[in-house]
Amino acid sequence: MSFETQINQRLQERQSNQLYRQRKYFEDAQQAKLNLLSEKKQVINFCSNDYLGLASHPKLSETLQQAAKQYGVGSGASHLVIGHHKEHHLLENELAEFLGVERALVFGSGYAANMGVLTTLLEKNDAVFHDKLNHASLLDGGLYSGARFQRYLHNNMESLEQKLQASDAENLLIVSDAVFSMDGDCADIKALNEISKQYQAWLMLDDAHGFGVLGKDGRGTVSEQGVNQKDIPVYMATFGKALGCSGAFVAGDESLIEYLIQFCRHYIYTTAMPPAMAACVRQALKLVQEENWRREHLKSLIVFFRKEAELLGLDLMPSTTAIQPLVLGSAEKALQWSQTLLENNLLVSAIRPPTVPQNTARLRITLSAGHQQSDVELLLEVLAQLKRGKKKGEGA
């Protein structure tokens, strides 16, 4: 089969299975209300990961503009050639101080960080144990590392222990999302920490959806659950969600960070993040700590949404985070509900396989500090109409 035939066949299959994805585009800043050029309408945005509403914060825009004037646009090279700027260095130091760990290392994206860490740390005689619902970047990193790859049942410590007991690998690494991106629930970090110590394994957490949102002053899910950050050997989080910027970092002790600098191909062989963006992230980190009202407002919206959804009989997944999934089953139904919401100026993504398992297609509703309670009330009103099998405005 030729490449052309194979490509066209796969595209046709995806379309026929209601799994084809299309990009929507907008013209303004990322915020709670967007002007969708692709749809020619303004919508309330319930599918962004901008949990604290910082992506359009005036101070971040001002910082980015001033830094670009001072430092230019591009970094010019990889970190180890001549791309490592003062702003990168200061950001790494401030992240380490914020978390109370020895060091941090900045990457261009969360995918690069996860792939880089796992393919650098793991070798063929090692074993890696993944939560079944881990993010694709973690799973890909484990698979491409060449280590013995195993998946344990979601948040099931008994399943994990059984696999650890049966392993005769030289080194063991347990890997988990801290907040699961499609379900919105959290890993049991205390249990994972205890099990990792019991079996002399390392623990790696991806806190992309918890950093900035959860814990004291936004220090993340580890802080939220009362675990000492220093007990987590490998901690990764991103800047593109609660911090409203872009990029990611890995935090740990001195030897881990130095090892990644020397051996991580995803760090060594790529152009460094623009210094202006590093300066912007530094400002975002300050805002996360200074504007605690954003987290409090978000928490109040989550509580309100879940309480009202329960009264309406909407079967939400058990999440207390900004991610509130409503499982509908078939991809077709998820698309239908998403389209009806869009007709009512509400933007909610239909998440379908392969992102989620078969028969668990869903609406992934995400709340933000940028939303008002009236926005959430409108969303609930249309969801209630959909549950009753009617569209907004139809008679009883």
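Reader: What is the volume of the second largest cavity?
Author: This is a predicted model, in which local features need pLDDT of at least 70 and side-chain atom pairs count only at pLDDT 80 or more, while totals for chains, interfaces and linings use all residues. Residues are numbered from 1 along each chain as its sequence is written, and side-chain values use heavy atoms, with hydrogens and water left out. A cavity is a set of points, on a 1 Å grid over the protein atoms alone, where a 1.4 Å probe fits but cannot get out, and its volume is the space filled by probe spheres set on points joined across faces, edges and corners. For the second largest cavity, that volume is about 40 Å³.

Reader: How do the residues lining the largest cavity divide by class?
Author: The largest cavity, with a volume of about 50 Å³, has a lining that includes Gln-30, Asn-45, Asp-50 and His-371. The residues of this lining divide into seven polar, one charged and one nonpolar.

Reader: Why is the pair of Phe-211 and Phe-249 said to tie together separate parts of the sequence, and how many residues apart are they?
Author: Rings of Phe, Tyr and Trp (its six-membered ring) pair if their centres lie within 6.5 Å, and planes under 30 degrees apart count as stacked, over 60 as edge-to-face and the rest as tilted. Phe-211 and Phe-249 form an edge-to-face pair, with 5.2 Å from centre to centre and 65° between the planes. Phe-211 lies in the loop between β7 and α9, whereas Phe-249 lies in strand β9 (a DSSP run of E, at least two residues; helices are H or I, at least four). The pair therefore ties together parts whose distance in sequence is 38 residues.

Reader: Is Phe-249 buried or exposed?
Author: Buried means under 20% relative accessible area, exposed over 50%, and partly exposed in between, with a 1.4 Å probe and protein chains only. Phe-249 has a relative accessibility of 0%, so Phe-249 counts as buried.

Reader: How many disulfides are there?
Author: A disulfide is a pair of cysteine sulfur atoms within 2.5 Å. For Cys-280, the nearest cysteine sulfur, that of Cys-245, is 3.8 Å away, and Cys-280 is in no disulfide. By this rule, the count of disulfides comes to zero.

Definitions and conventions:
1 Å grid on protein atoms, 1.4 Å probe; cavity = no way out; pocket = protein on both sides within 12 Å on 5 of 7 lines; lining within 4 Å. Nonpolar A, V, L, I, M, F, W, Y, C, P; charged D, E, K, R; others polar.
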